[in-house]
Structures are given as structure tokens and as C-alpha cells.
Amino acid sequence: MTSPESRNETNSFSSSPKESHTIHTSSPAEAEALMLNAIEAADLGYWNLDPATNQFICNARTKSLFGLPDQEDVNLDIAVQSIHPQDRQRVVSTIQQALSHHNDGKYYCEYRIIHPVTERMTYLKAKGQAFFQDGNAYRMSGIVMDITQQKEEEVLVVQSEERLQTALRSAVTGYWDYNIPDDTTIASDELRKLLNIQPEEDFTYQTFLSRVHEQDRAYVAEQNENVLRQLDGQLELDIVFRTLPVDQKAPQWLRSKGRLHTDAEGKPVRLTGIIQDVTKEKLAQQEVVYQKAVLEAQNEAIPGGILIVDSQGEIISYNRQYVDIWKISTSLSLLQSNHMDIIRLYVMKLVDNPEEFFNNIKDVYEQFSNGLPIITTLPWSELHLTDGRVIERHGKAIIDEDGTYYGWTWYFRDITQDKKAQDMLRQKEEQFRTLANSISHLAWMVTADGWTYWYNDRWYDYTGTVFDEVEGWSWEKVNHPDHAERVLAFVKEAYQKDEPWELTYPLKSRDGSYRWFLTRAYPVKDKDGVVLSWIGTNTDIHKQLETEKALQQSEELLRQVSDFMPQIVWATNADGYHDFYNKRWYEFTGLTYEQSRGMKWSEVLHPDDYERTWQVWNQSLQTGQPYQVEYRMRRYDGEYQWLLARAFPLWDDSGTIVRWFGTCTDIHEQKLASDLLEEMVAARTQELKGSNDNLRKLNTELEQFNYIASHDLQEPLRKVRIFADRIRNAEFDTMSPSSQGIFDRLTESAERMATLLKDLLDYSSIQRKEVTQQVDLNEVIQDVQHDLELVILQKQAVLHHDKLPQVRALRMDMHRLFYNLIYNALKFSKDAEPPQVHVSYRTVPASAAQAMGLDMPSDCHYIRVADNGIGFEQDYADKVFELFKRLHGRQTYPGTGVGLALCKKVVQNYDGRIWAIATPGEGATFHILLPV
């Protein structure tokens with residue numbers, strides 16, 4: 001009177017019929033032992049969730065990962081608290097989706113957890129499955145695995161939930177006797193209780209069917225009819241079915257066994273039998289099927305090969321990954337071979353050392369003592385295959401709690417790529433350590449929370465420590481006591497963030513002295529932006545700080561000197577940012593430093609002069625040319641005054657501009673007088689206009705330059721040199737070596753400025769002279785040769801000259817011309833070759849000069865000064881005559897950049913022409929045409 005076994009065993013726990021392998025177990029206890037040992041071998045976390053109570057049952061591994069208490073089960077909300085706050089809502093949502101009957105019940109999620117005690121963060125991968133009955137989830141189980149170390153990923157078999165023990169068969173039975181002719185039934189009290197039929201109710205066949213579950217009722221009626229009709233000679237009845245649930249309790253499973261009795265003619269007269277409660281047995285069978293499905297699902301979820309064999313070497317179970325790892329053909333059925341020897345022979349063909357592999361396996365299976373293996377766990381080992389792959393292997397004996405030995409669980413994982421990645425990582429680490437040890441900085445690495453685990457050799461060389469002395473936070477011992485508290489507080493806070501940081505503080509060297517270092521640290525993050533470690537360096541800036549201090553002292557000296565000057569004095573950095581003014585600026589403008597610094601100085605310019613002033617200033621910043629401009633600037637009382645602004649760049653030894661120094665001179669009265677003069681000159685006749693313009697231009701240029709050279713520049717420079725001499729005589733010996741070097745460069749710069757002023761005065765003094773005389777150029781060359789005697793002897797130079805003519809000029813001008821040309825040839829000579837200078841001469845007609853593209857009104861003296869020096873690119877032939885233009889750094893070839901500009905001005909003052917032709921490495925020739 002129940003449904004068939006095949007019908008009743010179809011449920012959500014059964015294995016998929018598409019699987020090509022199954023698990024053979026002789027008992028639920030054996031299946032449970034297999035599953036527990038598989039989980040132990042894989043070191044995975046297992047969990048079981050009851051959706052109705054929210055109770056979260058898990059194994060010790062899960063509790064260890066989540067930091068949960070030791071009691072058997074906890075509320076899910078407690079476990080969720082260990083999940084990283086950024087991942088928590090996503091995990092909870094994923095669980096809820098899996099528990100919804102609209103989904104397939106599968107659960108998969110990767111997230112981070114933070115241990116509540118150690119505060120260590122771990123990455124986990126979680127998989128699970130929800131199980132449903134009547135559309136409601138009544139259970140959800142799954143595994144979690146630690147995937148923090150991706151390169152050594154170990155996926156182990158999770159512990160399955162505790163298997164229900166096999167229910168004992170109920171001894172309670174009910175008896176029934178059905179009289180077919182009378183259509184009456186006799187039922188025992190035990191049977192009425194099993195079917196929930198009250199004593200006052202008539203026990204009929206229809207009453208019996210009404211107590212059968214509606215899903216089994218048709219089947220029970222059909223089986224009874226088949227026996228009553230003796231269908232196919234059937235006389236025995238043996239069916240299992242469910243009863244209707246009573247008081248919201250789960251239905252009971254009953255087994256009805258009976259026999260048909262017939263008379264002498266074979267007609268059925270009675271059908272008698274018993275009904276027994278088999279609920280426990282049925283649930284136990286379902287649990288076995290469920291545990292098989294869970295074990296197979298767990299095995300398939302592990303990204304590694306699982307092989308389970310019994311104590312005789314018979315294969316019990318394996319997963320798809322095992323087949324893939326060993327590349328076992330689908331034509332080779334493991335279960336059909338049904339013995340480990342077959343697989344062993346197959347596998348031995350793939351390993352590099354089959355004899356060693358065979359002996360190892362043989363020892364494992366043959367070492368028994370009192371029926372139990374001596375070795376119950378085979379440590380992790382590596383198998384090298386003939387195709388170049390490397391397989392990781394681990395084994396664990398399957399032993400039940402009562403000591404029963406069942407066999408072995410083997411775990412395999414292809415670690416070929418991991419090995420390659422480890423080798424590459426070792427190579428990169430070695431390259432990094434080599435690089436880190438080759439740099440001049442101190443370098444170190446720390447964990448995400450600041451624990452130092454590596455220093456480079458420079459660290460040990462400087463501090464004189466060994467690793468054990470400075471591991472972790474012990475590096476504090478090399479901190480200066482006055483800075484230790486500040487540094488420690490800053491660093492601990494910085495490691496809580498994920499951004500680079502830097503800090504300056506002193507560190508103790510091996511000799512006990514302290515030097516200042518700039519410390520920088522950069523985070524190393526994973527693809528999700530989580531900090532894994534930190535890399536840091538310590539850069540020695542002790543000398544730099546001393547230099548900055550010396551520069552500050554120099555700036556203070558400049559401030560003291562400039563405050564005595566009547567002009568406004570200012571300074572900027574290389575890009576024109578104004579960061580210094582003398583006292584005269586603040587007195588004139590009435591502004592504060594904050595109102596003047598940077599570009600704010602231009603806010604007091606007259607609106608009509610603003611654009612023009614900025615154009616000139618930007619041009620100087622871009623080219624390095626001296627800055628000079630006249631503009632009107634608003635005084636403190638609101639009146640605009642005319643000022644002459646001049647500035648010169650300060651170059652370092654590499655030829656790079658590092659500062660600009662400038663002055664503003666009051667020319668208001670001069671400008672008003674000049675404007676009045678211009679009005680008067682404009683009223684004069686047209687015939688004098690050209691002469692007056694030229695004269696005014698020359699006078700203005702001369703007056704401005706002489707004013708700068710004789711007063712604006714020489715007077716401050718003179719004071720700087722006087723004060724420098726005082727410092728040298730009084731305090732130079734007490735300065736540090738670094739400060740003495742800086743002071744030497746300061747005085748050298750002052751001397752160069754004095755030379756430059758002299759050259760500029762010479763340049764400005766050259767003008768067209770109406771009173772001239774006949775000058776013998778041969779005598780001029782002799783005078784120049786005498787002046788340059790020491791340089792000629794030092795460089796072993798040879799000077800040749802043709803017989804030269806007499807020219808009408810001033811002797812001083814001709815001396816300046818040839819002195820600078822010959823000195824230029826000596827200065828730019830080759831190191832390994834004595835200079836050769838030749839001055840040649842001939843007369844050329846005006847037509848010949850015109851043929852060369854030169855507009856000369858008469859016959860000309862044609863003079864050439866040729867040398868065998870370093871030469872230069874022809875593209876620079878015109879630029880060498882520009883004022884202050886230099887093709888080489890001052891440290892390589894000293895000078896002011898005025899000499900060739902002076903030569904050009906001398907020649908042009910006598911209506912002549914000068915040009916240069918040169919080739920790099922072959923020398924240069926300067927050509928001069930002077931009217932006869």
C-alpha cells in the first residue's frame with residue numbers, strides 16, 4: 001500500500017545521471033569517514049546554515065578564519081561581522097539570492113575577512129548550495145577556502161556536515177487482514193496509530209487510502225489492485241509510501257508487506273500483511289544519497305585532483321580535475337579498471353622517475369601495523385612529469401573515529417605555472433635586491449601594517465646594524481632621541497592610509513653621529529587597490545640642508561647690503577618668481593611682502609605699461625638675456641613714478657640660470673626732462689631730425705649704461721666685495737668646508753661681475769670718432785703680442801702676420817679689435833695641439849666686396865684672422881657677435897661674452913664689415929673689411 005522505491009528516492013540530493021563516476025561506500029559510517037578525511041586533507045572551511053533559525057554551523061577551520069567562538073553553532077550575524085566592511089553587504093545579498101526559490105540555489109562569492117583578534121586580513125572564496133522543499137530553502141551548505149596566497153593556492157576538500165547515523169529500524173508494526181468476499185478489514189491498534197485512524201472509525205480500504213499521502217495514493221491503489229488481480233502471477237505485496245502529515249509534522253514513511261491467499265480454485269479470498277514505520281531508515285537512505293552528492297560536489301568544486309582509494313587499492317572516487325591533470329583518456333574507464341595498479345601503471349609512464357614513484361606508493365600501501373598504517377599523512381611533495389609539468393601531491397589516510405582504516409585520499413594540483421611564477425618572482429626579487437643594493441639610498445620593505453622585514457646593504461653600511469637588531473619596529477633605535485616620538489607617531493598614522501608619504505628626520509650612523517635624511521615610502525597594492533606592502537628609501541640630505549642654511553645666510557647678507565642702497569633691489573628664482581625685495585621697495589610701494597611676492601609686483605604697474613613690461617620680462621626669462629625696461633609704478637601715495645628696471649641672471653657651473661637679481665632706479669625727473677627735450681627736438685627742422693635722433697639714441701644709451709656701470713652696479717658690487725673681504729679675513733677659517741666652498745663661489749661671482757663691468761664700459765666707450773690718426777697695424781699686432789705674452793708661452797702658441805697696412809682710426813680701437821680676436825683664438829684652442837694664429841692681408845676693390853654681397857663704397861683693406869682651434873657650427877656665426885652670447889660653459893672657457901661684440905662695434909664704427917666662417921674641430925676665420 002505504498003509507492004515504489006524508485007519513485008520515493010528521486011529528490012534534490014541525488015547525483016546527476018550524467019556523471020561518469022560514482023562513490024562506492026559500504027555504509028553511511030564509511031561514507032562519513034571518507035568525506036571527513038577528504039576535508040581534513042584539503043584543510044578547507046565547511047559551513048551549514050539553517051535559514052529558519054539563522055544558525056551557522058561550521059568546522060574549526062572556518063572558526064579559525066573568522067575568529068568565531070568554540071561553541072558548536074553561532075548566529076550568522078556574528079560570523080558576518082568578521083567580513084570586511086566593504087564586502088559585507090555584497091556577501092549578505094549573495095546569500096539571500098541563493099536562498100530564493102527563484103534561483104538555482106548556487107552560492108559563489110569571493111571576499112575579505114578581518115580576524116577580530118589578530119586583525120589580519122584574509123581573502124576567501126566561498127561556494128555553496130541551497131536545498132529546497134516545497135519551494136522553501138531548508139538548508140544551505142558550502143565551503144570556504146583561503147586564497148590569500150595565489151601563487152601557492154591550495155584548495156582542500158571541505159568538511160561535509162556530520163552524517164546522520166543510520167536510523168534504527170522501528171520495531172513498531174501493525175497487522176491487517178482484508179476479507180475479500182466480505183469486503184471487511186481487520187486492523188490492529190498499532191496499525192490504526194500508524195495511520196492515525198481513530199478507534200471509533202471503521203477501518204475500510206477507502207479509510208486506509210485516505211490516510212495515504214496524495215502524491216503516493218494512486219501508486220498504492222495500483223499496486224494493491226495488481227496483487228488482487230494476480231497480475232502476472234503477482235501474489236506478494238511490498239510497497240513503501242508516505243502518510244498524510246499530522247499536526248504540521250512531516251509525513252511518516254511506512255512499508256506494507258502482504259500476501260494474497262486463494263481457495264482451491266485459485267480465487268482470492270484474503271489479503272493479509274503488516275505495516276511497519278520505516279521513517280528513520282528512509283531518511284537515513286536519503287542522507288546517504290545527499291552526503292554522496294555533497295562529497296562529489298565538493299570534490300568537483302576543488303581546483304585540484306582528488307582520488308580516493310580503499311585499503312585494498314580499489315578506486316572509490318575521483319573528480320574531473322584528477323582526470324584532467326593526468327590527461328586520462330575518456331576511453332580509459334577508471335571504475336572499469338577498478339584497481340589502483342591499473343592507474344599506477346598509466347601514471348608511471350608520465351613521471352620523470354617512475355621507479356622512485358612506484359616505490360613511494362608501494363611503501364605507503366604496504367606499511368601496516370596491527371591493521372593500521374604507520375604513516376597516516378604523506379607530506380606535500382612534487383612530481384615532475386615527462387611533459388615538463390610539475391604536480392603537487394599530498395595524501396592522508398582515511399581513519400574513522402573508532403580507528404577503522406578505510407584507505408587513502410590523494411590530492412593533486414598542477415603547479416607548473418606557480419613554479420614558473422615563483423622562479424620569475426625569485427629572479428625579479430634578485431634583480432630588485434641587486435638594484436636596491438646598487439643605489440646610494442638606504443632602502444627597506446615593510447608589511448602592510450608597518451613591520452620591517454628587509455633592508456638593503458646601504459642601510460647596514462650606514463647604521464652598522466644587523467637585521468636582528470632592526471627587524472619590525474626596532475629601526476627606532478637609530479632615530480635621534482629628540483625626533484623619535486614625532487617620527488613614530490607620524491609613521492604609524494601613515495601606514496593606516498594607502499597613499500605615499502615622506503618625512504625628514506636624522507638617523508644615527510655607525511660612528512654615532514647623526515645625519516639628516518629625507519624618507520619616502522610608496523605602497524605596493526594588488527589589483528583591487530589593497531596595500532600589500534611598502535617600499536621606502538632614506539636619502540641623505542645633510543649636505544643639502546647645510547647648503548640651504550648657507551644660502552639663507554647669503555640672502556641675509558644681501559638683504560643687509562641692499563638695504564643701504566638708494567635703488568629698489570629685488571631677486572627672483574629661475575622662473576621669475578619674486579621672493580626678495582630690499583627695504584627701499586616697501587618704502588616706495590607701501591606694500592607688504594605677501595602683497596608683493598610672486599607675480600603680485602606687477603599690480604602696481606601703470607596700466608599703459610603693463611603689457612610691454614611683461615613682454616620684455618618674459619623674453620628675458622626665456623632667453624637669459626639681461627632685462628631692461630622703463631615703466632611707471634604706483635607709489636605708496638598713489639602717484640606714478642618712472643623707474644628704470646634692470647636685471648641680470650645668475651648662472652651655475654653647468655650654465656643653468658638659478659637666480660635673477662635686479663634693480664629699479666628712479667628716473668622720473670630724467671624722464672620728464674627727456675620728454676621735454678623730445679618736444680623741443682620735434683619742433684626743429686626736418687633736416688636736423690636724423691642727426692638729432694641718432695645723437696639722442698647714442699646719448700641715452702651712453703647715459704643709461706654709464707649710470708648702471710658707474711653707480712647702480714659698481715657701487716653695490718664694491719660694497720659686496722668689501723664685505724666679502726671682511727668676512728674672509730675675520731670668519732672664513734671658522735666656516736664649515738661646505739660654507740667655505742659656497743663663499744668662494746660668491747667671491748668668484750663678484751670678481752666675474754667686476755670683469756663684466758669693465759668689458760661693458762669698454763663696449764660703451766666705443767663710438768664714432770671724428771678725430772682720428774694713421775695707425776700702423778703691425779705695431780698694433782706687436783703690442784697685442786706683448787700683452788698676451790704669458791698666454792702665448794703657456795699654450796706654446798705661434799702667431800704669424802703678413803705686412804699689414806696703416807688705417808685711419810684711433811689706436812685704442814684697433815688694439816681692442818685685434819686683442820680680442822687673437823685672445824679669442826688662443827682661448828678656444830685644442831688641448832692636444834698648440835695654437836696657430838695667422839693674420840693675413842690684401843686690398844680688394846669695392847666691386848669685389850659687392851660681389852661678396854657687401855655694400856662697401858670704396859676699396860677696402862681685407863684682413864683675416866685664422867686659427868686651428870675648436871671652431872663652431874656655422875649656424876652660430878652671427879650669434880657669436882651678440883652681446884653676452886656664449887657657446888660654451890663658463891667653467892670650460894672663461895669670459896664675459898663681450899669681446900666679439902666689442903670687435904663688431906669697432907668695425908661698424910669705421911663703416912667696416914666683420915664676419916666669421918668656422919668648422920667644428922678645424923678652427924675659425926674672422927674676416928674684416930675696412931675702407932681704405
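Which residue in strand 5 is the bridge partner of Cys109? The partner is Ala126. This structure is a predicted model.

- Strand 4 pairs with strand 5 (residues 121-133) over 9 bridges, in the antiparallel sense.
- Strands of a sheet pair through backbone hydrogen bonds, either parallel or antiparallel.

**Strand 17 and its two partners**

- Strand 17 (residues 390-399) is mostly covered, with 8 of its 10 residues buried.
- On one hand, strand 17 runs antiparallel to strand 16 (residues 377-384), and 6 bridges join them. His384 has Val390 of strand 17 as its bridge partner.
- On the other hand, strand 17 pairs with strand 18 (residues 405-414) over 9 bridges, again in the antiparallel sense. Gly395 stands opposite Trp410 of strand 18.
- The hairpin of strands 16 and 17 has 5 residues between the strands. Gly388 takes a positive phi there, near 95 degrees.
- The hairpin of strands 17 and 18 also has 5 residues between its strands. In this hairpin, Gly403 has a positive phi near 90 degrees.

**Arg393, a residue of strand 17**

- Is Arg393 buried or exposed? Arg393 belongs to strand 17. Its relative accessibility is 4%, so Arg393 counts as buried. The cut-off for buried is under 20%.

**Helix 8**

- Helix 8 (residues 214-228) has 15 residues. From first C-alpha to last, the helix reaches 22 Å, close to the 21 Å expected at 1.5 Å a residue.
- The buried residues of helix 8 are Asp216, Tyr219, Val220, Gln223, Asn224, Asn226 and Val227.
- Seen down the axis of helix 8, these buried residues fall within an arc of 155 degrees, so they line one face.
- An α-helix has 3.6 residues a turn, so residues three or four places apart point the same way.

- The largest nonpolar core has 40 residues. Leu777, Met814, Leu817, Phe818, Leu821 and Ile928 touch the most other members.
- Several elements each supply at least two residues of this core, among them helix 24 (777-787), strand 32 (836-844) and strand 33 (860-867).
- Which helix gives the most to this core? Helix 26 does, with 7 residues.
- Phe818 is in contact with Leu777, Val780, Ile781, Val784, Val839, Ile863 and Val865, leaving aside neighbours within four places in sequence.
- Another core, of 25 residues, lies apart from the largest one. Its members include Leu49, Cys58, Val74 and Leu76.

**Residues in loops**

- Most residues other than glycine have a negative phi.
- Asn54 has a positive phi, near 65 degrees. Asn54 sits in the loop between strand 1 and strand 2 (55-58). At 23% relative accessibility, Asn54 counts as partly exposed.
- Gln230 also has a positive phi, near 55 degrees. Its loop lies between helix 8 and strand 9 (236-242). Gln230 is partly exposed, at 27% relative accessibility.
- Gly871 is found in the loop between strand 33 and helix 28. Gly871 is buried, with a relative accessible area of 14%.
- Gly871 and Ala825 are 46 residues apart along the chain, and 9.2 Å separates their C-alpha atoms.
- Leaving aside neighbours within four places in sequence, Gly871 is in contact with Ala918, Thr919, Pro920, Gly921, Gly923 and Ala924.

How values were computed. Residues are numbered from 1 along each chain as its sequence is written. This is a predicted model: local features need pLDDT of at least 70, side-chain atom pairs count only at pLDDT 80 or more; totals for chains, interfaces and linings use all residues. Side-chain values use heavy atoms; hydrogens and water are left out. Buried means under 20% relative accessible area, exposed over 50%, partly exposed in between (1.4 Å probe, protein chains only). Helices (H or I, at least four residues) and strands (E, at least two) are DSSP runs, numbered from the N terminus. Two strands pair if DSSP finds at least two bridges between them. A nonpolar core is a set of buried Ala, Val, Leu, Ile, Met, Phe, Trp, Tyr and Cys residues joined through side-chain atoms within 4.5 Å. Contact means heavy atoms within 4.5 Å. The expected span of a helix is 1.5 Å times one less than its number of residues. The arc is that of the directions from the helix axis to the C-beta atoms.
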